[in-house]
Amino acid sequence: MKHDKQLRKTFDEAQVNDLVPDFDPDAGWEEVSRRLKPGRRRIALNRYLPYAVAVAAVLLLLVRQKENASFTLVAFRKDATPVQQPERQARPVLPPPDHSTLAAKPLTHPAALPAAPVVNPVPLPVDTGDRFIVVEASTVLKEALPVKHYADIAPVLPAAEELPVAGGQKKGFWRSRIARRRIAPQTGTKEEAPIRGLMYALNKE
Amino acid sequence: MKIPLKEHLYAENDLVKACREGQSGARSMLYRRYAERILLQCLRYSGNREDAQELLTDVFVAAFERLHQFEYRGEGSVAAWLSRVAVNHCLMHLRKKRLQFELLDEEQEQHTGEDAEVLGQLGAKELMALIHALPQGYRTVFNLFVFEEMSHREIAALLDISENTSKTQLHRARHFLQKQLMQEKKKVQ
């Protein structure tokens, strides 16, 4: 502790010229003042900004009070022409649908269609209530199916040998795949109902 | 009330007031009064002259920008406040340089009172040279303990190290200085 005191004394009494011989305080101060200049501007800004804002606000109020009319003129020019909006065209009124013609057309049950030779069997899903099974359908069936429906499901369906028969992950896999394509085996649309009936009949045979 | 700048100039408090009021020349006078002391302080911490001069500028710029935070607490408080600002800047500078508290492998030797006494009798120039030779960690703790008169607890909190690390660094610093001094003695003989 005693020696520490001595060390402090040594440095307190030390002359900067002994340690830094060519130290120039003028140059040092110039550097400091150069660095402080932006600070001076900021101080000036802080000092005068409230006054400047107050004066600007008063001026703005005066201008608004005196020249209110001119503001109105700017906003609503007399000679301004309104923009022409295109006229809306009236929608054509469609006649109500004629339900009588639908009733007059007799429905043909797919089972009543004439039988044709089986060529080029195509695997198609049949809803048996629980899960999909694959049957070989005839070209007649192919023709009987609505084209749109057939086109929708045909590319999704796996080949007969690829379809797993029982349980396990694969069944779920195929089921989910089919479900993803929005072909619900359990809940068919009204359009599909006769087709399911036909498939059921064929399967039974 | 404005203080006549050229007449007062000898009271710290008045000088600070004049600086706050933005009187021309007051800042320059404050700088000239304390620059040497702060430069030596920066030199002790940084270990080289270029860094010390940069630090000196930084310290005064920061001090003038935060002069409104200064509270006058009697004679010597301006110097103490500036010294504190300088220490903070020096430590910040050292942190940027990745200050490390390494422990050099040294033989454990008993301190001899004679060496410590000789250390106290050295001139500022020789002492500064010896301090510059210290590793950064030793030097920082040595400066804070010996020259800033901080306790190990304060040093530990400031440098984010344990108290024991601070103690060890100081002990090793003293030992290192004595060793250097012995070598110098041998050279002279």
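Predicted model: local features only at pLDDT ≥ 70, side-chain atom pairs only at ≥ 80, totals over all residues.

Reader: Can you give me an example? Which side chain does Arg49(B) meet in a salt bridge?
Author: Arg49(B) pairs with Asp22(A), at 2.4 Å from N to O. This pair runs between chains: Arg49(B) sits in helix 4 (residues 49-65) of chain B, while Asp22(A) is in the loop between helix 2 (16-19) and helix 3 (25-66) of chain A. Another salt bridge joins the side chains of Asp26(A) and Arg32(B), with 2.1 Å from N to O.

Reader: How many residues does each chain put into the contact?
Author: Chain B gives 38 residues and chain A gives 26 residues.

Reader: What area is buried between them?
Author: About 2900 Å² is buried between chain B and chain A, and carbon and sulfur atoms give 69% of that.

Reader: New topic: the helices in chain B. At what angle do helix 2 and helix 3 of chain B cross?
Author: Roughly 140°, with the axes of helix 2 (residues 12-21) and helix 3 (residues 26-46) of chain B coming within 8 Å. Helix 2 and helix 3 of chain B are therefore oblique to each other. Their crossing is left-handed.

Reader: Which residues meet there?
Author: From helix 2 of chain B there are Glu12(B), Leu15(B), Ala18(B) and Cys19(B), and among their partners in helix 3 of chain B are Met29(B), Leu30(B) and Tyr34(B). Sorted by class, this contact of helix 2 with helix 3 of chain B has seven nonpolar, three charged and no polar residues.

Reader: What about helix 3 and helix 5 of chain B, how far apart are their axes?
Author: They are 10 Å apart, and helix 3 packs against helix 5 (residues 77-96) of chain B at an angle of about 40°. Helix 3 of chain B passes helix 5 of chain B in a right-handed crossing. On the helix 3 side, Leu30(B) and Tyr34(B) are among the residues in contact, and the helix 5 side includes Leu82(B), Val87(B) and Leu94(B). By class, the contact of helix 3 with helix 5 of chain B has twelve nonpolar, two polar and one charged.

Reader: Last one: how do helix 5 and helix 8 of chain B cross?
Author: At roughly 170°, and the axes of helix 5 and helix 8 (residues 136-147) of chain B come within 12 Å. Helix 5 and helix 8 of chain B are therefore roughly antiparallel to each other. Val87(B), Leu91(B) and Leu94(B) of helix 5 make the contact with Gln136(B), Thr140(B) and Leu144(B) of helix 8 of chain B.

Notes:
Residues numbered from 1 in each chain as written. Chains lettered and ligands numbered in written order. Heavy atoms only, no water. Axes fitted to C-alpha atoms, helices over the stretch in contact; angles between N-to-C directions. Helix = DSSP H or I, 4+ residues; strand = E, 2+ residues; numbered from the N terminus. Parallel < 35°, antiparallel > 145°, perpendicular 65-115°, else oblique. Left-handed = near helix turned anticlockwise from the far one by under 90°. Contact = heavy atoms within 4.5 Å. Nonpolar A, V, L, I, M, F, W, Y, C, P; charged D, E, K, R; others polar. Buried area = accessible area lost by both parts, 1.4 Å probe. Salt bridge = Lys/Arg side-chain N within 4 Å of Asp/Glu carboxyl O.
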